[in-house]
Every structure is written in structure tokens, then in C-alpha cells.
Amino acid sequence: METKPTNFIIWSIVLVTLNLFYIGCSENPQEKVGYGQLNIQLTDAPFPHHLVSEVNITIFKVDARYKEDSGKGEQIMAKDQVDNFVILMTEEIPINLLEFTNGITKPLVNTEVMAGYYDMIRVFVAGVKVVLTDGTVFNLEVPNGIHTGINVAVTPGLRIKDGLTADLLLDFDLKSSFVPKYNSRNLDSITGFNFNPEIKASNRTTSGPLMGVITENRNGVQVGVREAKISVYAADTIHASTSSDVGGSYMMMGLEASNYTLKIEKEGFRTTSTQEVIINPANITVKDLELGSE
């Protein structure tokens, strides 16, 4: 029997990092495209661990849509290719997303990939389960079944070229993907969650991570603030959000190079906004902030 959970907020969590490495090519024109090495790793952003003990999924397949070769735009079939999708991995990998935070990653794929142009990644998941610290378990259905895959558009598309490395980041937004039934934030009235996966792709050569520490001044000593909400705005639209961990640290990856507004919120503290946060491509931006008491 499920017990009644209490006061629970879910933030964004999962980031999937794909590193694509081109190896080389031969003299034969049909083989000139060549194959590169594809490594896929998984991580997530900070999460309220004292309320949630596990967020489990099983990734059992990953593929990518191949459009053309890297040079002449010719349609060349890749090995293991079905309907223009290159199969990258078909191994069952159970993952507790909460084990990978603040840049810690888990390898998912290490395989050759055909040099060329890719405009979509599909992630196939099963066994979706949320476990609260009070023992309540929610087993969730995957929309459209487990064999459809979660489509993640890569815009603009990712082109793998001779001798170059391309990195693609997949950001799995758990707050948007796990919607409480009855649209309530009070877990005393929630009977489960609807799983509506939302994943955003960003090119790591044109984006960068934002990280820092949120602190408060406690009797002259800087102390980390746990579970402060950090939101990044582009114009007046929220672009990404996360929460600080037990030591006040936070990290958001895959922010497109641009100027942003950073907003920090925590109950019992004054809201802090920083009007200028500049994200540079392929560089880490560090922004530490102090919250003042109300």
C-alpha cells in the first residue's frame, strides 16, 4: 500500500553528454566519410535529496538520425542504419538519476559513428520509477510505449567533420517531465505522476556551463544555502533552472552563449537578481552569490 508523501518539489535533473570524435578516412570515395568514435555520458543537476531517494529509469537503446555525409551531401547508408537512424546502443542500463549531479557523469555509449550530419537523437527508456524518502513508490508509464523513443531535435543540426570533435548535450527537464496528478504541489493529495519527457539538445561548442555557490552570512561566516532555486532568464523568459545542493553548489550545463539574467530564490531570504551573466561558448562561467535574510 502506498503511503501519503509530504511537501515535495521536483527540479530539472538530467543532462546527457554526447562526445563525438572523428577518427579518419580512406582513399576510397565510398569510404571517404569514415567513422568516428561516439561516447555518451549521463549526469544531472542538483535535486532535493532529502525528499526523494531515487528517480530510476532504464535506458535500453539510443540512436541518431543521419542525414548526409560530411563533405558532398550524398546519402550514404551507415552500418546498422534503419530508416536513416544509426543505432548507437542496445544495452539495458538501469540508472538512478540522483547519483549523477554537478558534473558527475555516467558513460552510456562508446561506439563508432559515421561522419556526417545528425539532426535528431532518440532515447528509449523503460522502468520509470520515483521513490520518495518515506518509501512511497510511483511506477510510471512511458508515453506511446517503450519502443517509440523520446525524440530530441538537434537544432541546428550537428555536423561531424574530418579531424574535429563535436559535443552534444541533452538536458532532461524532470520538473516539466514529471507532472503530479491533479496538478497539485501538495503530495498529501497526489496519487502519482504523469511522465511527459522533455529533453533539450544543445551543441557544447556553442554553449557553456554556469556554476557557483549560493551562501548566506551567518555570524560573519559564509555558509552554503541548500535548495535555493537558481533560474536563468533570456529576456523575460525562463531558459533553465536548478537548485543548489547541500553545500550551496549548483551547476547548469548547455546554456547557449549569450547574456542572461540570474535569479536566486529561497524561502526566508530576499530574492537576488543579477542583471548580467555572460555565457561564453565552451567555457565555464562561475557566479557565486550571497542571499540576504528577509
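User: Which residues have the most contacts inside the largest nonpolar core, and how many residues does this core have?

Analyst: In this predicted model, the largest nonpolar core has 44 residues. Ile 59, Ile 121, Val 125 and Phe 178 are those with the most contacts inside it. Strand S8, residues 117–132, supplies the largest share of this core, with seven residues. Another core lies apart from it and has 18 residues, including Leu 210 and Leu 289.

User: How many aromatic pairs are found in the whole structure?

Analyst: The search finds two. One of them joins Phe 60 and Phe 124.

User: Why is the pair of Phe 60 and Phe 124 called tilted?

Analyst: The ring centres are 6.0 Å apart, and centres within 6.5 Å make a pair. The planes stand at 55 degrees. Stacked needs under 30 degrees and edge-to-face needs over 60, so the remaining name, tilted, applies. Phe 60 lies in strand S3 (residues 52–68) and Phe 124 in strand S8, so this pair links parts 64 residues apart in sequence.

User: Why is the pair of Tyr 66 and Tyr 118 called edge-to-face?

Analyst: The angle between the planes is 65 degrees, and over 60 counts as edge-to-face. The centres are 5.4 Å apart. Tyr 66 belongs to strand S3 and Tyr 118 to strand S8, so the pair ties together parts that are 52 residues apart in sequence. Both Tyr 66 and Tyr 118 are buried.

User: Where does the charged end of Lys 61 sit?

Analyst: The charged end of Lys 61 sits over the ring of Phe 124, 4.8 Å from the ring centre; the distance limit is 6 Å. Arg 122 lies over the face of Phe 85, at 3.6 Å from the centre of that ring.

User: Why do strands S18 and S21 stand at the edges of their sheet?

Analyst: The open sheet has four strands in the order S18-S17-S20-S21, paired antiparallel. S18 (237–243) and S21 (272–279) each have a single partner strand, so one side of each has no neighbour in the sheet. Neighbouring strands here are turned by 25 degrees against each other on average, direction ignored.

User: How do you know that S20 and S21 pair?

Analyst: At least two bridges are needed for pairing. S20 (residues 258–265) and S21 share six bridges, in the antiparallel sense. Ser 258 stands opposite Ile 279 in S21.

Methods
Residues are numbered from 1 along each chain as its sequence is written. This is a predicted model: local features need pLDDT of at least 70, side-chain atom pairs count only at pLDDT 80 or more; totals for chains, interfaces and linings use all residues. Side-chain values use heavy atoms; hydrogens and water are left out. A nonpolar core is a set of buried Ala, Val, Leu, Ile, Met, Phe, Trp, Tyr and Cys residues joined through side-chain atoms within 4.5 Å. Buried means under 20% relative accessible area, exposed over 50%, partly exposed in between (1.4 Å probe, protein chains only). Helices (H or I, at least four residues) and strands (E, at least two) are DSSP runs, numbered from the N terminus. Axes are lines fitted to C-alpha atoms, for helices over the stretch in contact, and angles run from 0 to 180 degrees between N-to-C directions. A charge sits over a ring if NZ of Lys or CZ of Arg is within 6 Å of the ring centre and within 35 degrees of the ring normal.
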